[in-house]
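These are my notebook entries on one structure. I set down what I looked up, topic by topic.

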Amino acid sequence: MVGIFCRANHRDAPKARFSAGDVLFDIGKNRPELCAGCAELLDYGLRKLAKCPLNPKPACKKCPVHCYEPLYRDRVRAVMRFSGPYLIKRGRLDLIFKFYL
Ligand SMILES: [Zn+2]
């Protein structure tokens, strides 16, 4: 999701393949190319997810913990708002479920 957002909104920013998540999750070959800001956001999200005390983790909307700090929560929300409809339009609901449930 962050990858889609970044490709569309930060087209001119220099990008690198995301790798910081490796230590926490096997994100396999779905490794997005991200600008520095988006990489930081994704890394933050993955770290929070790894530390989440709820297992299985509920969708963030229903989560009682609200682990994201407000600044990041806004950024994540912007990414979701953009990428959610994008994926739905392209029939990639599987990706939404994969990343955000
Ligand atoms: Zn970006």
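How many salt bridges does the count come to? I took a salt bridge to be a side-chain nitrogen of Lys or Arg within 4 Å of a carboxyl oxygen of Asp or Glu. By this rule I found 2 salt bridges.

**Basis of the entries.** I note that this is a predicted model, in which local features need pLDDT of at least 70 and side-chain atom pairs count only at pLDDT 80 or more, while totals for chains, interfaces and linings use all residues. Residues are numbered from 1 along each chain as its sequence is written, and side-chain values use heavy atoms, with hydrogens and water left out.

**Salt bridges.** I looked up Glu33 and found a salt bridge with Arg17, the closest N and O atoms being 2.9 Å apart. This pair links distant parts of the chain, with Glu33 in strand E2 (residues 33–34) and Arg17 in strand E1 (residues 16–17), 16 residues apart. For such elements I used DSSP runs numbered from the N terminus: helices (H or I) of at least four residues and strands (E) of at least two. I then checked accessibility, where buried means under 20% relative accessible area, exposed over 50%, and partly exposed in between, with a 1.4 Å probe and protein chains only. Glu33 counts as partly exposed because its relative accessibility is 35%. Arg17, at 49%, is also partly exposed.

I next looked up Arg77, whose side chain meets that of Asp74 in a salt bridge at 3.6 Å, N to O. Arg77 and Asp74 are 3 residues apart in helix H3 (residues 70–89), so about one helical turn separates them. I recorded Arg77 as partly exposed at 44% relative accessibility. Asp74 is partly exposed at 48%.

**Zinc site.** Which residues coordinate the zinc ion? I listed Cys6 (SG), His10 (ND1), Cys35 (SG) and Cys38 (SG), at 1.9 to 2.4 Å. Donors here are N, O and S atoms within 2.8 Å of the metal (3.2 Å for Na, K and Ca); water is not among the atoms, so sites may look incomplete. In sequence, the donor residues are spaced C-x3-H-x24-C-x2-C.

Why is the arrangement tetrahedral? The 4 donor atoms subtend angles of 101 to 121 degrees, and four donors count as tetrahedral if all angles lie between 85 and 135 degrees. For reference, the ideal angle for four tetrahedral donors is 109.5 degrees. I noted His10 as partly exposed at 26% relative accessibility, whereas Cys35 is buried at 9%.

**Ala39.** I placed Ala39 in helix H2 (residues 36–51). Ala39 is partly exposed at 22% relative accessibility. Leaving out residues up to four places away in sequence, Ala39 touches Phe18 and Leu34, a contact being heavy atoms within 4.5 Å. From Ala39 to Cys6 I read 9.3 Å, C-alpha to C-alpha, across 33 residues in sequence.

**Aromatic rings.** My search of the whole structure gave 1 aromatic pair. Rings of Phe, Tyr and Trp (its six-membered ring) pair if their centres lie within 6.5 Å; planes under 30 degrees apart count as stacked, over 60 as edge-to-face and the rest as tilted. Phe5 and Phe82 have ring centres 5.8 Å apart and planes at 75 degrees, so the pair is edge-to-face. Phe5 belongs to helix H1 and Phe82 to helix H3, 77 residues apart. Phe5 is buried at 14%, whereas Phe82 is partly exposed at 29%.

How values were computed
Four donors count as tetrahedral if all angles lie between 85 and 135 degrees; four count as square planar and six as octahedral if opposite donors are over 155 degrees apart and all others between 65 and 115; anything else is irregular.
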